[in-house]
Amino acid sequence: MSGSAPAGVIRVAAAVVTDDAGRYLLVRKRGTTAFMQPGGKIEPGEDPRAALVRELAEEISVDVAPEDLVARGTHHAAAANEPGHALVAEVFEVPGVLEPRTAAEIEEHVWVDPAEPGAVELAPLTRDLLAAAARSPR
């Protein structure tokens with residue numbers, strides 16, 4: 001094998017969850033510092049919608065039907081917690097106001113205004129999504 005190996009690619013499904021005030025729900029995994037969208041890795045052969053439904057149930061104790069998820073496209077960013085890896089995220093909007101309860105590897109959750117996220121450390125994908133939301137008219 002010649003040359004250097006490309007950076008690893010991590011495929012994830014990520015949720016855009018907002019409240020009535022337009023704030024975004026972000027989570028922080030135990031042992032990390034950056035906040036990000038709820039969601040997680042897509043298992044080999046797994047549909048991205050099914051992955052997100054599974055991750056939302058595991059991470060924030062929320063049940064969502066796959067058909068209720070609204071596709072927001074494929075986004076690329078650096079991985080927040082795996083140095084040298086790229087992230088390919090299938091992003092879905094989750095309609096309705098959710099009442100998350102942190103579970104599994106999630107240490108905490110916050111609601112953040114996209115236009116004024118404050119001092120919260122953001123994962124690269126989350127930073128990009130919040131910046132785009134702040135530029136978009138409501």
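**View 1. Surroundings of arginine 28.** Arginine 28 touches Thr33, Ala34, Phe35, Glu105, Ile106, Glu107 and Glu108, not counting residues up to four places away in sequence; a contact here means heavy atoms within 4.5 Å. The structure is a predicted model, in which local features need pLDDT of at least 70, side-chain atom pairs count only at pLDDT 80 or more, and totals for chains, interfaces and linings use all residues. Residues are numbered from 1 along each chain as its sequence is written, and side-chain values use heavy atoms, with hydrogens and water left out. Arginine 28 lies in strand E2; helices (H or I, at least four residues) and strands (E, at least two) are DSSP runs, numbered from the N terminus. With a relative accessible area of 13%, arginine 28 is buried, a term for residues under 20% relative accessible area, where exposed is over 50% and partly exposed is in between (1.4 Å probe, protein chains only). A polar atom of the arginine 28 side chain lies 2.9 Å from the backbone oxygen of threonine 32.

**View 2. The open sheet.** Four strands form an open sheet in the order E3-E1-E5-E4, with mixed pairing. E3 and strand E4 (70-78) stand at the edges with a single partner strand each, so one side of each has no neighbour in the sheet. Two strands pair if DSSP finds at least two bridges between them.

**View 3. Strand E1 and its partners.** E1 pairs with E5 in the parallel sense over 9 bridges, and with E3 in the antiparallel sense over 3 bridges. Isoleucine 10 has leucine 87 in E5 as its bridge partner, whereas valine 16 stands opposite glutamate 93 in E5. On the E3 side, glycine 40 is the bridge partner of alanine 13. Of the 9 residues of E1, 7 are buried, and the strand is mostly covered.

**View 4. Helix H1 and its ends.** Helix H1 (residues 48-60) has 13 residues and reaches 17 Å from its first C-alpha to its last, close to the 18 Å expected; the expected span is 1.5 Å times one less than the number of residues. Its buried residues include Ala51, Leu52, Glu55, Leu56 and Glu59. An α-helix has 3.6 residues a turn, so residues three or four places apart point the same way. What covers the buried residues of H1 includes strand E1 (9-17), strand E2 (24-29) and strand E5 (86-94). Aspartate 47 caps the N-terminal end of H1, with a side-chain oxygen 2.9 Å from the backbone nitrogen of arginine 49. Just after H1, serine 61 takes a positive phi of about 55 degrees.

How values were computed:
A polar contact is a pair of N or O atoms within 3.5 Å; within protein, one must be able to donate a hydrogen and the other to accept it, and residues adjacent in sequence count only if both atoms are side-chain atoms.
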